[in-house]
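Welcome! Please take a moment to look over the sequence and the 3D structure before reading the short tour that follows.

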There are 2 protein chains.
Amino acid sequence: MPERDLQFLAELAAQLRVDSVRAAAAAGSGHPTSSMSAADLMAVLFSCHLRYDFTHPHNPGNDHLIFSKGHASPLLYALYKAAGAIDDDELLTFRKRGSRLEGHPTPRLPWVDVATGSLGQGLPVGVGVAMAGRLERLPYHVWVLCGDSELAEGSIWEAAEHAGTEGLANLTVIVDVNRLGQRGPTRHGWDTGAYARRFGAFGWHTIEIDGHDPGQIDYALGDACNTRRRPTVILAKTRKGEGVVEVENREGAHGKALKDPERAVEELGGVRSLHVEVRRPEDVPEPHRFETRMSAPPEYRVGDKVATREAFGAALAALGEARGDVVVLDGEVADSTKTEAFADACPERFFEMYIAEQQLVAAAVGLQVRGWKPYAATFAAFLTRAYDFIRMAGVSKASIRLVGSHAGVSIGEDGPSQMGLEDLAMMRAVYGSTVLYPCDANQAAALTTEMADVSGVSYLRTTRGGTPVIYQPGERFPVGGSRVLRRSPEDRATIVAAGVTVHEALAAADDLAASGVPVGVIDMYSIKPIDAAALVEAATTTGTLITVEDHRAEGGLGDAVLDAVGELGPRVVKLAVLGLPASATPEEQLADARIDRHAIADTVKRLL
Amino acid sequence: MPERDLQFLAELAAQLRVDSVRAAAAAGSGHPTSSMSAADLMAVLFSCHLRYDFTHPHNPGNDHLIFSKGHASPLLYALYKAAGAIDDDELLTFRKRGSRLEGHPTPRLPWVDVATGSLGQGLPVGVGVAMAGRLERLPYHVWVLCGDSELAEGSIWEAAEHAGTEGLANLTVIVDVNRLGQRGPTRHGWDTGAYARRFGAFGWHTIEIDGHDPGQIDYALGDACNTRRRPTVILAKTRKGEGVVEVENREGAHGKALKDPERAVEELGGVRSLHVEVRRPEDVPEPHRFETRMSAPPEYRVGDKVATREAFGAALAALGEARGDVVVLDGEVADSTKTEAFADACPERFFEMYIAEQQLVAAAVGLQVRGWKPYAATFAAFLTRAYDFIRMAGVSKASIRLVGSHAGVSIGEDGPSQMGLEDLAMMRAVYGSTVLYPCDANQAAALTTEMADVSGVSYLRTTRGGTPVIYQPGERFPVGGSRVLRRSPEDRATIVAAGVTVHEALAAADDLAASGVPVGVIDMYSIKPIDAAALVEAATTTGTLITVEDHRAEGGLGDAVLDAVGELGPRVVKLAVLGLPASATPEEQLADARIDRHAIADTVKRLL
């Protein structure tokens, strides 16, 4: 590399450090030292290798850069400034109310694909973006900047396994091995070999370099671009707080503005205003799209017994045939979740993610960055494994569709480890989420299709066993709606149910009607948003709502109903799973949990 | 190994297969084929290496055996039968209502340490049990049986990293590499070398064997016991369904009873009733206990501003000095959670788990198996990473204490990725959980101490910033209680708050009182169990409850209050975090989320 270029890179890196220090100083907080260690790495990336059109963030040829170490946001914003995307005034709004430059990057900035800040997530999401690139046959490269501390997260190794086995050569991870975590030294310090052995074992191309040597960095980034059939990890030995004696390679300097920022700026050579000309992306061909054909959702005959998971699978296959933008991921249980129907119909758009639920959800998030409509499925119980990823998908405002099968005690003999009993609580609490829970096959098929165009994180809860079909094929079930299944002016109470308990509620209502106690029944298939108007009407007319759910008493349907009518204050009685289930048949489980037809009827009688 | 012994081992393995087939046949479900692949491995372990006293499951010298592949429960129960712990009649109660022999093992059986069935958890928990052995200076060995599919879980590699780096030589993992997952072939099939490279890179001793050759198995298990300074993984190539042509090494035979169990039993040589004499454990010295000394919890002066996380840390350090059974684990943020105070006071009982929250919680579960009282801390937001482990800790009825700091929007500038806003919903939904949320330093200290003797999963939510001390040192705050902070016969409504919002509620009440609108204030520090009596009384006297929480509207304090008074039906109005926060100061955050003193006062005025 010519001396002139080396000089420019050194100057640019100094500017990035200066601007990181200044941004944090203006905010009075932030992570300047974690930014300073990676400044040389990013200076070379932006100057020599990244291909990105800042004026057109959606250019399909654009590379993708994900700061998995999201706390190094001052560095990212300093880079945006150097590239001319933001100005110095905006840089100094860092962490202030109303600024786009948040403490950790979010997609409020058009150049940020996903929110980071929960460590160990940027790489698995980057794997998803790389999968999209392969699917679309686009030449872009995915660059992920990781810290060394976050390599302790299991999700990193789920990603390493997936990318390594799939040979995602369009993915490069740059690890800023500055040896210091938040509290103190990391497990492996500057032993980049320890990380190289691990990534190497997972099938990656590994390069160990001095992360402050522009020549070595340039060589490594070029080598990464030229590597075929394997992803690359660049393990760069760096010094946290590089360039400023007050903090350089010192413990206790994590996550705070420098004490003397003016002196630091001076030490770094003062404020500069270099401009880096980021290479424009190649003109790329139209992204590959999949052929579609007319395909109607499945139809089920009223009265037949069909599992909602079956209908979901069949509807998903039909949707995939009709829409080329739908992709499906599964956690090695496609024969249970029934996504195997999609895998058979559209094999190129089906991704087996094996038993790695964090990477399952992260890949969905990565795929939607490029506009795909991902459905990711596993047992409802095992989605708990990915809760942090789901939470962060909410923060990213990512549109992903999650499907959890085998919900509730009604799965039967398998026992509590396999029962999704916390999933409604978990999913309801996610920002901007939609939570759907069908009770019959036609409704499940309709909601599966409906979800395709829902924004944000949406969730479909399916049931293992067959339930009677009660709706006609082709009926519509809009998000936020409900269905009144029993209503009369004489109703003494209204039972609010969803999924498997709808059928228990109907049976109880029939029994009660036969003994002269008419009650209403509402199928609350949309748990979030919930049909508050229908609930308020039922509460006003009957005064008593009884909620029944195959879920724990906390955070599920009952709480959603209580919330919707709280200001009105009707009597609300919740039936839900209170104890710890064990093995038993589905019918025994519903009875033992006191959420079956008999428990419902008993409750009504007790109340009236 | 003498021919006679080999003959016995072959016969025993055949019996284990037969009994696995019979148990699944009697149940009509279960995983016989996943049991049959590991039968030789376990036959040799039980006959030649395991040291266990089945009549005294709590013998401190006992080895620990964890079936991480919990679905192979028929094999485990067949082993218990062979060892004389259960009889054949009980074996055939498998998966039936009321039986101890559940679909996946749970601690209802006295020889089962923890519930498994969510894959990838048994190994990280085993790491915790091995840590306990080292802490107590006991010679027991921890044996974990894993499936090959579950090696895709990131939690396995968090465990591999911790055990490898710590050199836990008292831990051996036996991987039943039968190459077939639930849906089809695993990623690496029979390539045991792929797994060996990975574990080797993480510092493990690796042995690759034929998992159906008793001689090789015996050698490997012996080698594992004799290995120093490193954990051992035995990668055993096996055939799923081994011994029965109908299912042997065939796809589509996962997780179901055999079609023709009688023929299978015949093919395996018929029903046997061999007894295996498991070696008794050595007589071990008294487990090591730590010295204690008188140490009083910290005391704070009313009116001072102190963060609850500070008080938690100080109280924890005092508790550790006073009680030798307390251990503390942290996810590399001890300077934020403030467990560093304990680390300074009791360094031998502090475990740095680095940024690996699944292993953090799993290690706590493993340590409590041996009677330790673990406190595991990280940011509230990052506990979402371990939700599946927390859920399963509930199923195990494990007594662990989780502490989440930096809860809510009140953290300020760091932004939404760092804000615990779903933690109350998540923790409330766990079976048997206790959820505590202190508002001042003396209360935080008291609850920290109180938690030590709480059974099941308990959770303490702490706040980043300082809050005024409002309680006297030494006051008691029992689990399930609450504190009425403002009450008068003229109260027009009652504000129910917890944590940081208590102070906002008090300020609002003072403002409202000054303008002639008296309202009550309750500090609901125990969110689960909740003080229903206090709420019912407030609801009855004032008719209106206003809940205010620094948490999402779903599943938190508001829902808990609604649930407690649902049958009574007062008016309940919830104030909670509805939007997506960004960076701002703590005060701006509370105002923007409409959970500050002004929002509370406005709400009261709107309602009255």
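## Domains of chain A

Three domains make up the division of chain A in this predicted model. Domain 1 is written in two pieces, 3-96 and 117-267. Domain 2 covers 305-468, and domain 3 runs over 483-607.

How many Å separate the centres of domain 1 and domain 3 of chain A? Taken over C-alpha atoms, the separation is 52 Å.

## Two helices that pack together

Two packed helices are described by the angle between their axes and the distance between the axes. In chain A, helix H19 spans residues 532-542 and helix H20 spans residues 557-565. They pack at an angle of about 75°, and their axes are 9 Å apart. Because angles from 65 to 115 degrees count as roughly perpendicular, H19(A) is roughly perpendicular to H20(A).

Which residues bring these two helices into contact? From H19(A) come Ala532(A), Leu535(A), Val536(A) and Ala539(A), while H20(A) supplies Val561(A), Ala564(A) and Val565(A). Sorted by class, this contact has 7 nonpolar residues, with no polar and no charged ones.

Most residues other than glycine have a negative phi, and most peptide bonds are trans. With that in mind, have a look at the bond from Lys528(A) to Pro529(A): this peptide bond is cis, with omega near -5°. Pro529(A) sits in the loop between strand S17 (526-528) and H19 of chain A. Turning to chain B, the peptide bond from Lys528(B) to Pro529(B) is cis, with omega near -5°. Here Pro529(B) belongs to the loop between strand S17 (526-528) and helix H19 (532-542) of chain B.

You can find Arg179(B) in the loop that links strand S3 (171-177) and helix H8 (192-201) of chain B.

Rolling a probe the size of a water molecule over the atoms shows where empty space is left. In this model, the count comes to 11 cavities of 30 Å³ or more. The largest cavity holds about 100 Å³ of space.

Which residues are closest to the centre of the largest cavity? Of the 14 residues in its lining, they are Asp148(A), Ser149(A), Ala152(A), Arg187(A) and Tyr195(A). By class, the lining of the largest cavity divides into 6 nonpolar, 3 polar and 5 charged residues.

Definitions and conventions:
Residues numbered from 1 in each chain as written. Chains lettered and ligands numbered in written order. Predicted model: local features only at pLDDT ≥ 70, side-chain atom pairs only at ≥ 80, totals over all residues. Heavy atoms only, no water. 1 Å grid on protein atoms, 1.4 Å probe; cavity = no way out; pocket = protein on both sides within 12 Å on 5 of 7 lines; lining within 4 Å. Points joined across faces, edges and corners; volume = space filled by probe spheres on them. Nonpolar A, V, L, I, M, F, W, Y, C, P; charged D, E, K, R; others polar. Axes fitted to C-alpha atoms, helices over the stretch in contact; angles between N-to-C directions. Helix = DSSP H or I, 4+ residues; strand = E, 2+ residues; numbered from the N terminus. Parallel < 35°, antiparallel > 145°, perpendicular 65-115°, else oblique. Contact = heavy atoms within 4.5 Å. Domains from an automatic or database assignment.
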